[in-house]
Structure formats: structure tokens, C-alpha cells
Amino acid sequence: MDRPSWHTHPRAPRRVWPWLLLGLCGWFVLLALRVLAVRAGPGIYGGCESCVDAPVILSDLLPTALLLASVAAAGLLRPGAWRMLPMAVALGVIVLYLIDLGIYLIFGMRLRLTDLLRYGGETRSTWSVVAPLLAQPRGVAMVAGLLLALSGWAGLIWTVPRRAVLALGSIAAASALAAATFAAPLESVDAYTYRDVLRNNRPDGVDRAYSPAFRAALMAASPEPAARQCIQPASGPARSVILLVVEGLSAYHSRLLGGTQDSTPKLDAWSRRASYFPDFHANGFTTDGGLIALLTGHVPLPAIGRYASTHAYAGYEKVAVPDLLAQLAATGYGTQFFTTGDLGFLDKGQWLRGLGFGHVEGADSPFYENLPRGGFNAASDQALFARYLDWYDHERTQTLNFSALLTVSTHPPFTVPGTELRDEAGAFGWADAQIDQFISALRQRHYFDHGVLLVTGDHRAMTTPRPEQIAHLGAGAISRVPMVVIGPSGLPAGPHAGRWQQTDFIAGLLDLADRPSCTDAFRGRLLGAQAQPARYVLHVEGAERDQVRVWIAGDTQARELVLDGDDTRWIAPPPEPDARVVLDHVNRARARLAPVPGDFIGGLIGRRLDAAP
């Protein structure tokens with residue numbers, strides 16, 4: 001006779017204890033690593049490492065509850081294939097938890113599932129950044145914890161007896177853990193860091209599309225008065241321009257700008273002898289955002305679906321100034337882009353060529369053959385500068401040139417190829433020395449007799465802002481990067497007051513090229529005798545992807561916009577009388593961007609691995 005459905009062999013429970021202990025052991029290893037990681041961020045920066053333990057543990061009771069709920073679900077099912085579903089849920093939670101932990105350890109940011117979709121197909125470049133972490137003791141501990149947790153919870157779900165009392169007990173335990181999580185809401189400014197991976201991925205409005213009626217009304221309305229002003233150049237003869245974009249270079253790295261690291265003393269020394277902007281902002285939070293702002297003059301506002309796609313440059317194939325590079329070419333300029341990174345990553349090379357750069361060169365250059373490589377298959381910044389000087393000495397064919405250089409060595413996890421450096425301060429100190437040598441080499445070639453060099457960051461480094469940074473830089477702590485201008489730029493030497501941004505570069509470049517240039521309320525002119533900042537500075541945030549930070553001239557307070565389709569709005573209070581001007585500008589700019597299709601599946605099957613550089 002069949003036993004009652006709620007009973008199995010009386011000895012069955014004994015078989016689950018080893019699996020339970022194994023799973024809990026692995027899970028506690030991962031939890032301990034996350035506590036230690038947060039201690040090393042907000043804990044140290046806040047002066048109380050142990051103060052972060054309770055918020056992290058309480059927050060992570062929610063994914064723990066989901067693991068127990070999976071066990072409960074398995075306990076309600078007969079052993080067999082049906083248990084694969086709760087097993088998949090449990091193992092998925094563990095894998096997401098591990099990825100979230102790894103991203104925090106490398107970038108100081110948290111996992112967004114849209115980023116997993118966006119970068120998941122870039123396997124080669126992603127692995128080049130992850131591999132150094134896995135070689136460290138904490139990386140080994142992560143892998144061990146993952147294997148223990150996966151095997152333990154999988155075994156437990158597969159073998160747990162089908163008994164009502166066990167299922168109900170698991171449900172009660174899961175409910176208690178979830179209740180404890182929600183009973184202790186996290187209101188701290190660091191809540192984004194403490195929150196569990198599940199709540200950090202709650203849907204927001206960044207991918208909510210505009211309705212057809214709202215879009216039509218936006219396009220039919222007259223554009224807002226943008227205070228557009230166009231001038232003739234007044235900075236003398238045309239100048240060559242080198243734009244050096246340093247990965248992650250931030251204001252807090254510079255003692256001159258109030259930083260506490262003092263990682264760029266040599267660049268600070270050049271700044272004091274040249275021109276620099278103490279209040280200069282990146283418009284985005286990633287390299288693609290920085291390049292979009294600097295090279296097209298557009299704030300990198302996200303298209304609908306952008307964060308779930310590898311098409312990072314979609315919608316920004318045209319420069320705000322029509323045919324900018326064609327104008328430069330007609331004036332006699334050569335245009336070049338140099339990096340040591342993989343140009344196939346997010347189709348950067350294709351985008352740059354589409355903008356009109358005459359020469360685009362990356363990791364596959366023969367010059368870097370047999371050199372040590374780091375993240376994104378990149379040779380070191382030292383090799384990049386050597387390559388550019390080699391091109392300058394032997395391959396340059398035009399007197400006037402606009403060259404953009406993008407470094408990679410200071411990308412997290414801050415492992416500099418060819419060296420033993422493995423930390424942020426050391427990596428930026430090393431990069432500072434290479435920049436100093438590059439500037440000196442240009443000076444020896446008399447470049448500054450007729451050319452200008454700009455040194456800036458693509459975005460703020462992906463590290464948690466420290467209290468002292470926030471105290472000194474305020475809301476700008478998430479977006480402030482250096483901007484140093486060396487050479488005959490038309491600017492007086494010394495610091496330049498005002499709030500500036502990356503989108504101000506294009507008009508300044510035209511002025512130095514002896515071409516007419518225009519500014520408006522959202523784009524200033526960084527260079528030349530008639531330099532001026534824009535009225536509005538915008539920064540697309542990285543932690544809260546549905547928010548845009550806005551600074552308005554004359555207002556010391558940073559304002560926040562929430563991207564939410566037709567309901568895109570200000571977080572109170574709105575900055576009157578500018579509220580409607582900025583809101584309409586952001587909505588109109590986003591409405592012009594075509595939705596970006598997600599391409600996660602194509603990435604997973606490796607379609608992008610063989611993409612042409």
C-alpha cells in the first residue's frame with residue numbers, strides 16, 4: 001500500500017543535514033565577504049567599520065529567505081523533475097549574489113541586471129577585468145563559497161523529504177527573515193551599498209517609454225529658448241589639440257582640487273603653471289558616456305532599453321555640431337583616436353569611425369605586440385604614450401591635428417600591466433608619472449609652441465564616495481573630474497571659476513581651430529579667449545540609473561530629475577523658474593533617441609567575441 005503523500009522513509013531527514021550544513025557554510029562565506037567589502041568602503045570612510053555589519057546582514061536576510069522558500073517549495077513537491085524549478089531559483093539567487101559581490105569588489109558599484117545583459121556578451125573584455133580578482137585570496141574565497149553554496153542548496157532541495165511540517169517550518173523561517181528585513185528600513189545615504197541585490201534591482205522608470213501622444217506633443221512644441229550665441233574665433237591662429245582622457249581620473253585624486261589621496265602631484269604641478277578648472281563635471285558615469293559628451297557634445301542620456309543593450313553609443317552617432325570632424329578636415333586637420341583597449345568592446349571603434357575620425361587605433365596595433373596586457377586586452381598607458389609619440393615623430397602627415405587618447409591602466413581593479421601594482425592609489429600615482437613624462441616629451445618636441453593638451457577623466461572613479469569627499473565637493477563628489485589645459489589655449493593661466501562640463505569641449509575645440517562656435521544654455525565653450533560655462537550642468541547617475549543630477553548657474557544646490565517616461569519629474573523642490581526648461585530639454589532629447597534593442601542572447605552565444613575591431 002502507498003504511504004500517505006506527506007510521508008517518506010523515517011530516516012530521510014538525516015540525509016538532508018550534510019547538504020544543509022554545506023549550503024549554509026558556503027552562503028555564510030559569501031555573506032562574510034560582503035560584510036568585509038562594505039566595511040572596507042562606507043565602514044572605513046565613515047570611521048566605524050562594525051557599524052555596517054547589521055545593515056548588511058539584515059538586508060541580506062531577504063535573499064536568504066528566498067533560499068529557504070525554495071526549500072519549502074521543494075518540500076511540497078514529489079522528488080523528481082518538478083524540483084528543478086525551486087532549485088533553479090535558489091541557484092540563481094546564489095549566482096546573482098556572487099556577481100553582485102564581485103562587481104562591488106572591482107568597481108565599487110552594485111549589480112544591475114541590465115548591466116549583466118549589457119556586458120554579458122563581452123566575454124573576453126569582462127574576463128580580463130574579473131581574472132585579477134579571482135587570483136587574490138578573496139577571489140579564491142568567493143569561488144569556494146560559491147561551490148559550497150551551490151552544491152549544498154542543490155543537494156538540500158533535491159533530497160528534502162516531502163513533509164508538511166518541514167515545508168511549513170521553512171516557510172515560517174523564510175517569512176520571519178523577510179519580515180526582519182523589511183522591519184529595518186535602510187534610510188542611510190549608503191543604502192544603495194547596504195541593500196540586497198534583489199531590492200537594488202527593483203524596476204525603475206529609466207526604460208519606461210514615452211506615450212505616442214506625449215512624444216508628439218514634445219516634437220510639436222517650439223524648442224525652449226536655449227540662449228544660443230555664436231561667435232567668430234578670437235584666439236589667434238589654429239592650434240593642434242590633444243585630448244587625453246584618463247580612465248577614472250577624479251577630483252579626489254588631486255590634492256590641488258581638495259583630494260585626500262594626493263595621487264597626482266605631478267599633474268597638479270603642471271596645472272599650477274597652466275590653466276585648470278576646479279569645478280569640472282563628467283556628464284556620465286562610464287567611459288562610453290564620457291566619450292559621448294566630449295566628442296559629440298551631447299549629455300549621454302539613456303535611450304529606452306540602453307542599459308539592457310551592448311549598443312552603448314546608439315543614438316549618439318552624430319555630433320551636436322553638424323559635421324564637426326569634417327569641418328576640421330576642411331580646415332586642414334588630421335583626426336586620430338588612440339587607445340590600447342579593445343575597440344570591439346561595445347563597438348567603440350565602429351562608432352568612432354562613424355563620427356569621422358580619420359585614424360582609429362586600439363589594442364590590435366602591431367606596436368603593442370608582445371607587451372604585457374591588462375584589462376580589455378590593453379597594454380599600459382606608458383605604451384600608449386610611446387605609441388602616440390612614435391606616430392607623432394614618424395607617421396604624422398599634417399601640421400594641424402586633433403588627437404583623442406584614451407587610457408585604460410587605471411580601470412578597476414587597478415592592475416597595471418607589466419607592474420606589481422594592484423591598488424587604486426598606486427595605479428593613479430603610476431599613471432601620474434606617465435602623464436608627466438608624456439607632457440615633458442611633447443615639450444621637448446616644441447609641441448606647445450603651436451598645440452594644446454587637455455587632460456581630463458572620462459568619469460569619476462568607480463569607488464564609493466568618502467565622507468570627506470562629500471564634505472568638500474558636495475553633490476559634485478559623484479561627477480567631479482580634473483580638467484587641465486596646457487599650451488596656447490587663449491585661456492589665462494591659473495584656476496577658472498564657474499561650473500563646467502565635458503559637453504563644453506566641442507565649442508572650445510572649434511574656437512582653437514579658428515572656426516565659428518556656438519554655445520547655449522546646456523553647452524558652454526571651454527577654450528579660447530571667449531570661454532564661458534553653460535547655465536545648466538547635467539550628470540547621468542550610475543547608482544540610481546533613473547536619475548539625472550542638475551546644477552543651475554547661481555544655485556549652490558544640486559537638483560534631481562527622475563526619468564519615468566511621461567511622468568519624468570523633479571524630486572522636490574523643482575528649481576523655479578528653470579524647472580520647465582530643463583525638464584522639456586531632457587524629455588525632448590530622450591524622445592529623439594530610438595529605443596535600443598536588447599541583445600543579451602546574441603551576447604551569450606558569443607556573437608560579439610568575433611566583432612571586427
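User: In which helix is the place of Gly-354?
Analyst: This is a predicted model, in which local features need pLDDT of at least 70 and side-chain atom pairs count only at pLDDT 80 or more, whereas totals for chains, interfaces and linings use all residues. Residues are numbered from 1 along each chain as its sequence is written, and side-chain values use heavy atoms, with hydrogens and water left out. Helices (H or I, at least four residues) and strands (E, at least two) are DSSP runs, numbered from the N terminus. Gly-354 falls in the run of residues 348-355, helix H14.

User: Is Gly-354 buried or exposed?
Analyst: Buried means under 20% relative accessible area, exposed over 50%, and partly exposed in between (1.4 Å probe, protein chains only). The relative accessibility of Gly-354 is 56%, so this residue counts as exposed.

User: How many strands does the secondary structure of the chain contain?
Analyst: One of the strands is E7, residues 400-406, which holds Ser-403. Together with 20 helices, the chain has strands numbering 16.

User: Which side chain makes a polar contact of 2.5 Å with that of Ser-403?
Analyst: A polar contact is a pair of N or O atoms within 3.5 Å; within protein, one must be able to donate a hydrogen and the other to accept it, and residues adjacent in sequence count only if both atoms are side-chain atoms. Ser-403 is buried, at a relative accessible area of 0%. At 2.9 Å, its side chain makes a polar contact with that of Tyr-388. The polar contact of 2.5 Å is with the side chain of Gln-336.

User: Which residues does Ser-403 touch, not counting those up to four places away in sequence?
Analyst: Contact means heavy atoms within 4.5 Å. Gln-336 and Tyr-388, the polar partners of Ser-403, are among the residues touched.

User: How many salt bridges does a search of the whole structure find?
Analyst: Side chains of opposite charge can pair when their charged atoms come close. A salt bridge is a side-chain nitrogen of Lys or Arg within 4 Å of a carboxyl oxygen of Asp or Glu. Across the whole structure, the number found is 17.

User: How far apart are the closest N and O atoms in the salt bridge of Arg-34 with Asp-60?
Analyst: Arg-34 is buried, with a relative accessible area of 3%, and Asp-60 is likewise buried, at 2%. The closest N and O atoms of their salt bridge are apart by 2.7 Å.

User: How many residues apart in sequence are the parts tied together by Arg-208 and Asp-564?
Analyst: The side chains of Arg-208 and Asp-564 meet in a salt bridge of 1.9 Å, N to O. Arg-208 lies in the loop between helix H9 (191-194) and helix H10 (212-220), and Asp-564 in the loop between strand E15 (559-562) and strand E16 (569-570). Arg-208 is partly exposed at 43%, whereas Asp-564 is buried at 11%. The parts that this pair ties together are apart in sequence by 356 residues.

User: In which strand does Arg-549 lie?
Analyst: The side chain of Arg-549 meets that of Glu-560 in a salt bridge (2.6 Å, N to O). Arg-549 is buried at 15% relative accessibility, as is Glu-560 at 14%. Glu-560 lies in strand E15, and Arg-549 in strand E14.

User: Which residues form a nonpolar surface patch of about 310 Å²?
Analyst: Patches are made of residues with over 30% relative accessible area and no salt bridge: like charges are joined within 9 Å, nonpolar side chains (Val, Leu, Ile, Met, Phe, Trp, Tyr) within 5 Å. Accessible areas come from the Shrake-Rupley method with a 1.4 Å probe; for residues, only the protein chains shown count as cover. Leu-85, one of the patch residues, is found in helix H4 and is exposed, at 63% relative accessible area. The patch is made by Leu-66, Leu-85, Val-89 and Leu-198.

User: What is the mean pLDDT of the chain?
Analyst: pLDDT is the predictor's confidence in each residue, from 0 to 100. It stays under 50 over residues 1-11 and over residues 600-613. Of the residues of the chain, 86% reach 70 or more, and the mean pLDDT is 86.
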